[in-house]
Amino acid sequence: MRRIVLDLQGGLLAEAVMQVLAGYDPDFIVYRSSKPEDTLALCRSCHANVLVMEVIRQGIWKLSERIRLCSAVKNLGWDCKVLLLVDENADEQLAAEVRQTVKDQLADDFIYASMSPTYLAGVIDIL
């Protein structure tokens with residue numbers, strides 16, 4: 001079983017991703033964090049294999065907060081891959097910063113929001 005935690009700002013997006021992932025592979029168990037402050041505890045309690053986090057320019061979803069959470073997840077004591085989701089059309093500069101975060105090995109991978117949910121499922125499957 002692959003345990004996946006979603007930390008996405010938009011409820012509609014999160015629900016759509018949850019449905020696609022659940023339908024993609026019966027071995028995927030998907031959890032949704034109600035707010036970023038609860039994400040680390042949820043990863044710990046479900047022993048997450050993959051954490052998907054949306055990155056936006058402001059608030060608790062900004063990149064610096066996501067990097068901090070990536071570090072905390074990496075210190076849980078097991079391998080939990082971190083995948084960052086960014087809207088490259090809304091903010092090209094932020095997308096470049098997210099790519100650099102992965103190059104700097106502060107997160108495991110990224111995906112653009114314009115990609116299909118099925119593509120996201122495929123990326124998660126190979127992490």
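Biologist: What radius of gyration would a compact globule of 127 residues have, and what does the chain have?

Modeller: The radius is taken over C-alpha atoms, and the globule rule is 2.2 Å times the number of residues to the power 0.38. For 127 residues that rule gives a value near 14 Å, and the chain has 13 Å, which agrees. The C-alpha atoms fill a box of roughly 35 × 30 × 25 Å along the principal axes.

Biologist: What kind of model is this, and which atoms count?

Modeller: This is a predicted model: local features need pLDDT of at least 70, side-chain atom pairs count only at pLDDT 80 or more, and totals for chains, interfaces and linings use all residues. Residues are numbered from 1 along each chain as its sequence is written, and side-chain values use heavy atoms, with hydrogens and water left out.

Biologist: What makes up the secondary structure of the chain?

Modeller: There are five helices and five strands. Helices are DSSP runs of H or I with at least four residues; strands are runs of E with at least two, and both are numbered from the N terminus. Along the sequence the pattern reads β-α-β-α-β-α-β-α-β-α.

Biologist: Why is Asp-27 called partly exposed?

Modeller: Buried means under 20% relative accessible area, exposed means over 50%, and partly exposed lies in between (1.4 Å probe, protein chains only). Asp-27 has 39% relative accessibility, so Asp-27 counts as partly exposed. Its place is the loop between α1 (11-24) and β2.

Biologist: Which residues does Asp-27 touch, not counting those up to four places away in sequence?

Modeller: Asp-27 touches Met-1 and Arg-2. Contact means heavy atoms within 4.5 Å.

Biologist: Which residues of helix α2 are buried?

Modeller: In α2 (residues 36-46), they are Pro-36, Thr-39, Leu-42, Cys-43 and Cys-46.

Biologist: Which elements do the buried residues of α2 pack against, and which exposed residues does the face turned away carry?

Modeller: The buried residues pack against β1 (2-7), β2 (28-32), β3 (50-55) and α3 (63-74). The face turned away carries the exposed residues Glu-37 and Ser-45.

Biologist: What share of the chain is buried?

Modeller: Buried residues make up 43% of the 127 residues.
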